[in-house]
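Subject: A structure for you to look at

Hello,

Here is the structure I promised. Please open it first, then read on for what turned up.

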Amino acid sequence: MCADGSRTFCCTGIVVGVDEAGKHARILTASAAVCTSEGILQDPKPKLSICLPNGTVLEGHLLFFNDHYGLALLDIMVDFKPTLAFFGASPQYGQEVFVLARDRESYLKVRRGSILFREESLLGRNHSMFLSCEIPECGTGGAVIGHDGMVTGMVFCHSPETAFIASSTILICIEMWTQYSLITRPVLGMHLRSMDLLDISHLDKLSNCYNINKGFIVEQVTTGSTAEIIGIRQGDVIVFHELCGSTLPQLEEFLLSRAWEDMHRNIDACMMVDFKGDEDGAQDRL
């Protein structure tokens, strides 16, 4: 997949849907295909060329993009039923996976790697996960799959490690846009780090000295944010009692789902998260 004209960027896509008549297919790819590095749409009506595995080139139309999650959804007209991707369970740290990509001639390229035990908030993007392998040229937007052949995420470029977004987060974003034509996302106003990735000595101290066995450590609080106003400070530990998980990508997915539920209840999304005692979180300072 590449931008028409200058042909300065080429990436891979994933077929995620076909309409009931079988005339239109939806392609998921990276927002870098249509956006600048600042997340601004390159052209109000970008011209996109979609090269299929059989060499056929079709015109693509942009349906939506979200720079924060690095997603873009395209539409193409087809006269055949393309093979759809099947999304599997959420990826796990240490899991061996494969990255599928297409080069400029549409040849399939495969890389094998594992999901790193690493968390990094890239410009507030808590959903990013990282791989041990590099991706080939044009690999941005390619599928991350497990041994069962199910898609567990979509890859995008990052240095020094390759980053990707989990399939569960992708599906929530697509469904939210399909229903409401927008994506509301949580803005915490702070940078967090999962306790799960601390070394054993720190975990032992937190457990024995503070009776804290799970949660997220506050590394930085944004000036003027709701978190700062209500008194959250660096070194606090935030516990989300309704969260069935303990990693930053799982937290992002949990908060994104809460925003989606609010939209279901016709509550205006305020684009921030309020911590209200034990209802949404508890806090302890180290």
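Are Phe-240 and Phe-254 buried or exposed? Both Phe-240 and Phe-254 are buried. Keep in mind that this is a predicted model.

Aromatic rings

A pair of aromatic rings is described by the distance of the centres and the angle of the planes. The count here is four aromatic pairs. Take Phe-240 and Phe-254. Their ring centres lie 6.3 Å apart and their planes meet at 70°, so this pair is edge-to-face; the cut-off for that label is over 60 degrees.

A charge over a ring

Now find Arg-118. Its charged end sits over the ring of Phe-130, 4.6 Å from the ring centre.

Confidence

The mean pLDDT of the protein is 84, and 88% of the residues score at least 70. Among the elements, strand β10 (residues 143-145) has the highest mean, 97. Strand β16 (residues 282-285) has the lowest, 37. Residues 1-5 have pLDDT below 50, and this stretch has 22 contacts in the model beyond near neighbours in sequence. Residues 269-286 stay under 50 too, with 49 contacts beyond four places in sequence. Where pLDDT is low, the predicted coordinates should not be read in detail.

Best wishes

Terms used
Residues are numbered from 1 along each chain as its sequence is written. This is a predicted model: local features need pLDDT of at least 70, side-chain atom pairs count only at pLDDT 80 or more; totals for chains, interfaces and linings use all residues. Side-chain values use heavy atoms; hydrogens and water are left out. Rings of Phe, Tyr and Trp (its six-membered ring) pair if their centres lie within 6.5 Å; planes under 30 degrees apart count as stacked, over 60 as edge-to-face and the rest as tilted. Buried means under 20% relative accessible area, exposed over 50%, partly exposed in between (1.4 Å probe, protein chains only). A charge sits over a ring if NZ of Lys or CZ of Arg is within 6 Å of the ring centre and within 35 degrees of the ring normal. pLDDT is the predictor's confidence in each residue, from 0 to 100. Helices (H or I, at least four residues) and strands (E, at least two) are DSSP runs, numbered from the N terminus. Contact means heavy atoms within 4.5 Å.
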